[in-house]
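Good morning, colleagues. Please bring the sequence and the structure up on your screens, and I shall take you through them element by element.

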Amino acid sequence: MSKTKRGMFVTGTGTDIGKTVITAGLSAALRERGLNIGVMKPVQSGFNSTDPSSDAMRLRAWGGSKQSIDSIVTYSYETPVAPGLAARLANETIQQDKILAHLKTLTNQYEMVMVEGAGGLLVPLGENWTIADLAQSMGFPLLIVASATLGTVNHTLLTIHYARQLGLHPIGVILNGLRDGEKDPSISHNASYIESFGQVPVLGTVPWVDKEIGYALLQQVITEHIDMDHLLRLLPEEDVK
């Protein structure tokens, strides 16, 4: 019997915070360590599923995945609104059971599955459930992607505390998108405030990537700026036959 890491659910403090970059980059870095990594985007909106700019396609390309796009994304809508509303406008309903069945298929195929959420925890997926409910049903530990600049302490702590109220397990925070020359005086203090008040480690600060993003570049950036050993130690292990 051996040990394996089941997976991780990547959420953010809001939309366009860089979840796709971080999820793909972590997948690439873990792949370089020899782990068999699967990626999943349960719901996405704003793009056709095969659009190269969609989150699912970027997860595949930037994360070095050989999966088909259908094995990455469960629900995809072209309307650029929250997924629950996009489904409603398309006269469809996002089914949690379908997403969980998809996840089970991936966990049977891969040592570890990186799941990227949509927006933040309270993004609606239906009449009475949200991304937070989906994360809870999946049972994976939560990694939070947040801004590195002014305002991030409040946004990040709200996400941490609400996640815990729902029984979720935030294991770490990654601050993302720090631009060269940023003069915000809060930057050097934000991580320590988040760790002190949130009791969650900040695993690193990822700079804004100005170059064309790809597998090799993201793997390098993540490896240089994220404490991957610490992250792996935070992940629970399960026995597998």
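**The sheet and its surroundings**

Let me begin with strand E2, residues 7-12, which is joined to strand E6 by four bridges, the two running parallel. Within this pair, Thr11 stands opposite Ile144 of E6. A word on terms: helices (H or I, at least four residues) and strands (E, at least two) are DSSP runs, numbered from the N terminus. Two strands are said to pair if DSSP finds at least two bridges between them. In general, strands of a sheet pair through backbone hydrogen bonds, either parallel or antiparallel.

Before I continue, please note that this is a predicted model, in which local features need pLDDT of at least 70 and side-chain atom pairs count only at pLDDT 80 or more, while totals for chains, interfaces and linings use all residues. Residues are numbered from 1 along each chain as its sequence is written, and side-chain values use heavy atoms, with hydrogens and water left out.

Let us stay with E6, residues 142-147. How many of its six residues are buried? Five of the six are, and the strand is mostly covered. Buried here means under 20% relative accessible area, exposed means over 50%, and partly exposed lies in between, with a 1.4 Å probe and protein chains only. E6 is also joined to strand E7, residues 170-178, by six bridges, and these two strands run parallel. Ile144 has Val173 as its bridge partner in E7. Val173 in turn has a bridge partner in E8, namely Val202. E7 and E8 pair in the parallel sense over five bridges.

E6, helix H6 (residues 152-165) and E7 form a right-handed β-α-β unit. Right-handed means that, with the strands pointing away from the viewer, the path from the first strand over the helix to the second runs clockwise.

Is Leu157 buried or exposed? Leu157 is buried, because its relative accessible area is 13%. Leaving aside neighbours within four places in sequence, Leu157 is in contact with Ile194, Phe197 and Gly198, where contact means heavy atoms within 4.5 Å. Leu157 and Gln199 are 42 residues apart in sequence, and their C-alpha atoms are 9.5 Å apart in space.

I turn now to strand E3, residues 37-45, which four bridges join to E4 in a parallel arrangement. Lys41 stands opposite Val73 in E4. From E3 the chain crosses through helix H2, residues 55-63, to E4, and this β-α-β crossover is right-handed. Further along, Ser45 has Tyr77 as its bridge partner in E4. E3 also pairs with E5 in the parallel sense over four bridges, and there Gly38 stands opposite Val113.

Both E3 and E4 are well covered by the count of buried residues. Eight of the nine residues of E3 are buried. For E4, residues 73-77, four of the five are buried, so this strand is largely enclosed by the rest of the structure.

In which order do the seven strands of the open sheet lie? The order is E4-E3-E5-E2-E6-E7-E8, with parallel pairing. E4 and E8 (202-207) stand at the edges with a single partner strand each, so one side of each is left without a neighbour in the sheet. From one strand to the next, the twist averages 25°.

Finally, I come to a pair of helices. H1, residues 19-32, and H8, residues 215-225, pack at an angle of about 85°, with their axes 8 Å apart. Axes are lines fitted to C-alpha atoms, for helices over the stretch in contact, and angles run from 0 to 180 degrees between N-to-C directions. H1 and H8 are therefore roughly perpendicular to each other; angles under 35 degrees count as roughly parallel, over 145 as roughly antiparallel, 65 to 115 as roughly perpendicular and the rest as oblique. Among the residues that meet here are Val21, Ile22 and Leu26 in H1, and Leu218 and Ile222 in H8.

Thank you; I welcome your questions.
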